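Student: I am new to this structure and would like to go through the terms used for it. Please show it to me first.

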Amino acid sequence: MACGKQREATGCGFQKKLFKDGGSAGQEPALRTKLDKIGDEIIVVNELLNKLELEIQYQEQTNHSLKELCESVEEDYKDVEHLKENIPPHLPQVTVSQNFANVSDLDPEEPVKVEETAATRKPPKEQRSIKEMPFITSDEFNGIPAYMKSRLTYCQINDVIKEINKAVVSKYKILHQPKKSMSSVARNLYHRFIDEETKDTKGHYFIVEADIKEFTALKADKRFHVILNILRHCRRLSEVRGGGLTRYVIT
């Protein structure tokens with residue numbers, strides 16, 4: 001508000017100067033009326049400038065608060081994803097058979113009965129896990145050189161990781177699927193996947209650009225390849241070239 005007070009003082013000073021410098025002109029009714037009108041308009045302009053300055057300060061504070069909120073949401077999102085991906089597989093899924101409304105009627109020394117689910121009665125068939133790419137952390141994002149990430153944001157990079165994981169999971173679900181249950185489309189994809197494997201990719205999970213186009217809405221454009229370069233820098237993937245193909249291996 002220092003600027004506002006300075007403008008107000010300047011406006012009042014300018015109004016007084018008009019009367020002082022006007023000399024005899026300031027004594028004539030018509031000219032004095034014009035001078036009064038000019039002085040009033042200067043005061044109004046100063047008031048508008050003061051309001052504008054307050055609004056700018058408010059918007060700057062709001063912008064700062066939104067940035068802090070965005071950073072907090074990104075941290076929460078990272079924590080939620082970590083928890084979702086690290087749920088202990090040994091935890092049984094059980095439901096309490098007693099109604100919570102009748103808890104007071106239970107004998108405190110009698111253990112609560114639980115209903116066995118299919119998961120507790122019979123161990124599920126062993127499912128082959130599919131390796132996915134971990135999301136970039138805030139610290140890793142801050143450590144990426146500015147020339148490399150340009151204007152890319154933390155969320156944009158992790159959104160691409162999410163789509164890459166989607167392609168990896170879709171590909172290897174087909175590879176793990178019994179051949180007898182495959183559709184003709186899945187069978188054709190299966191044979192392509194096998195043909196793309198090399199001795200360098202044996203035992204590793206990888207995709208190619210065709211998988212990105214097949215299973216995601218991503219475009220393999222310049223921006224996509226810039227993000228791939230960032231993911232190589234953060235050691236999320238490596239490249240295996242050969243046979244005219246670039247294979248992106250999850251590390």
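Tutor: What follows takes the terms one by one and sets values against cut-offs.

Student: What should I know before reading any value?

Tutor: This is a predicted model, in which local features need pLDDT of at least 70 and side-chain atom pairs count only at pLDDT 80 or more, while totals for chains, interfaces and linings use all residues. Residues are numbered from 1 along each chain as its sequence is written, and side-chain values use heavy atoms, with hydrogens and water left out.

Student: What makes Lys78 and Glu75 a salt bridge?

Tutor: A salt bridge requires a side-chain nitrogen of Lys or Arg within 4 Å of a carboxyl oxygen of Asp or Glu. The closest N and O atoms of Lys78 and Glu75 are 3.1 Å apart, so the pair meets the definition. Both residues lie in helix 2 (residues 29–85), 3 residues apart, or about one turn of the helix. Helices here are DSSP runs of H or I with at least four residues, strands are runs of E with at least two, and numbering starts at the N terminus.

Student: Why is Lys78 called partly exposed?

Tutor: Buried means under 20% relative accessible area, exposed means over 50%, and partly exposed is in between (1.4 Å probe, protein chains only). Lys78 has 25%, so it is partly exposed. Glu75, with 29%, is partly exposed as well.

Student: How do you know that Glu140 and Arg236 form a salt bridge?

Tutor: Their closest N and O atoms are 2.6 Å apart, and the limit is 4 Å. The pair links distant parts of the chain, with Glu140 in helix 4 (residues 138–143) and Arg236 in the loop between helix 9 and strand 4, 96 residues apart. Glu140 is partly exposed because its relative accessibility is 27%. Arg236 is at 9%, so it counts as buried.

Student: How many salt bridges are there by this rule?

Tutor: The count comes to 6. Another of them joins Arg232 to Glu239, with the closest N and O atoms 2.3 Å apart. Arg192, Glu196 and Asp211 are linked in a network of salt bridges.

Student: How do you know that Arg247 has no salt bridge?

Tutor: The nearest side chain of opposite charge is Glu196, 6.4 Å away. Here Lys and Arg count as positive and Asp and Glu as negative, while His and the chain ends are not counted.

Student: What does the side chain of Arg247 reach?

Tutor: The side chain of Arg247 reaches the backbone oxygen of Gly242 at 2.9 Å.

Student: Why is the pair of Tyr77 and Phe135 called edge-to-face?

Tutor: Rings of Phe, Tyr and Trp (its six-membered ring) pair if their centres lie within 6.5 Å; planes under 30 degrees apart count as stacked, over 60 as edge-to-face and the rest as tilted. The structure holds 3 aromatic pairs. In the pair of Tyr77 and Phe135, the centres are 6.1 Å apart and the planes at 70°, so the pair is edge-to-face. Tyr77 lies in helix 2 and Phe135 in the loop between helix 3 (118–121) and helix 4, so the pair ties together parts 58 residues apart in sequence. Phe135 counts as buried because its relative accessibility is 15%.

Student: What makes Phe141 and Tyr154 edge-to-face?

Tutor: Their ring centres are 5.9 Å apart and their planes at 85°, so this pair is edge-to-face. Phe141 lies in helix 4 and Tyr154 in helix 6, so the pair ties together parts 13 residues apart in sequence. Tyr154 is at 6% relative accessibility, so it counts as buried.

Student: What makes a set of residues a nonpolar core?

Tutor: The set must consist of buried Ala, Val, Leu, Ile, Met, Phe, Trp, Tyr and Cys residues joined through side-chain atoms within 4.5 Å. The largest such core has 41 residues, of which Ile157, Ile164, Val168, Ile174 and Leu231 touch the most other members. Helix 6 gives the largest share, 11 residues.

Student: Why is His176 called partly exposed?

Tutor: His176 is at 23% relative accessibility, so it counts as partly exposed. His176 is found in helix 6.

Methods: A polar contact is a pair of N or O atoms within 3.5 Å; within protein, one must be able to donate a hydrogen and the other to accept it, and residues adjacent in sequence count only if both atoms are side-chain atoms.
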